Structure formats: structure tokens, C-alpha cells
Amino acid sequence: MSDSPASALAQEVELKFRIPGEDEFNHLLALTRLDDFTLHDKGVKRGEDVYFDTAERNFLHAGFACRLRPRADGAWLVTLKGLHAGGDQAQGLHQRSEVEVSLTSPGPPETWPDGPARAPWPNPWLRAMRWKS
């Protein structure tokens, strides 16, 4: 791979808002437009996330959280999320490195396809991983 691990990571940018109370929340739910945007009720979507690390906390020490998310088609989405966020968090802006890989079944990083999700990890670290199925 010609890209360095740092350049292969995507940058996640989120703007999070706090709603001060139930009245404000209900008011927002009742909106049908927001500026030039028409709002639609998409219902409730339930999901399942599994976060994991090694007994040695290798992901944590590398500055990441590792999330596995099952998909409806039976595949798994693995997301490595950087723990060191930037941005003005006091104003709700959150920024961090993130990389994702899709797997047909969960497995340790050394079984993941070549690409950015494997790039941050040196080979000795990969060999130290202990995967429990």
C-alpha cells in the first residue's frame, strides 16, 4: 500500500446538539421543515454495537476504540474510532480519525482484508491479538 497509515484514515466530523428539555424536544419532533429542508419521520431504527479490545488493551493504547456492528445481510462492519477528538467539543463539534472494514464474519485484525483498517497496526501487535469467538 502506498499511502501512509495516517493518510489512509478518514476524518469523522459530527455536530452534536443538546436539547434542554422535553418541551423543546417535542417542538423539534413536530417540525416538518427546517430552513430549506423538508423533514420526514423515519421511525425508530434499533441497532447492536459490540466494542472489544484485547486483555492487554491494545486498541486503547493505540488510541482507538474497535466497534463491531452486525448488518442485516449477515456481514459485520468493523469501525476503528480514534479516541483523541479535535474540534470545539464545548460547542458540539467532534472530530476524530475513523476507518471501517466490512467482514463476512468477525475475526481478528490479521484476517481483515488489506487496507486502511489494518494499516495502523504493526505486525508484532497483530500477532499479540487474542480473539475469542
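Helices (H or I, at least four residues) and strands (E, at least two) are DSSP runs, numbered from the N terminus. This is a predicted model, in which local features need pLDDT of at least 70 and side-chain atom pairs count only at pLDDT 80 or more, while totals for chains, interfaces and linings use all residues. Residues are numbered from 1 along each chain as its sequence is written, and side-chain values use heavy atoms, with hydrogens and water left out.

**Exercise 1. Find your way along the chain.**
Task: State how many helices and strands the chain has, and give their pattern.

Solution: 
- Begin with the count: the chain holds 4 helices and 7 strands.
- Then read along the sequence, which gives α-β-α-β-β-β-α-β-β-β-α.

**Exercise 2. Get to know Thr79.**
Task: Locate Thr79 and decide whether Thr79 is buried or exposed.

Solution: 
- Look for Thr79 in strand S6.
- Recall the cut-offs: buried is under 20% relative accessible area, exposed is over 50%, and partly exposed lies in between (1.4 Å probe, protein chains only).
- Thr79 has 0% relative accessibility, so Thr79 counts as buried.
- Now list its contacts (heavy atoms within 4.5 Å). Leaving aside residues up to four places away in sequence, Thr79 touches Ala65, Cys66, Arg67, Glu98, Val99 and Glu100.

**Exercise 3. Compare the end of the strand.**
Task: Describe where Gly82 sits and what Gly82 touches.

Solution: 
- Gly82 belongs to strand S6, which covers residues 76–82.
- Its relative accessibility is 6%, so Gly82 counts as buried.
- Not counting residues up to four places away in sequence, Gly82 touches Gly63, Phe64, Arg96 and Ser97.
- Check Glu98 too: Gly82 and Glu98 are 16 residues apart in sequence, and their C-alpha atoms are 5.9 Å apart in space.

**Exercise 4. Turn to Leu29.**
Task: Decide whether Leu29 is buried or exposed.

Solution: 
- Find Leu29 in helix H2, residues 22–30.
- With 57% relative accessibility, Leu29 counts as exposed.
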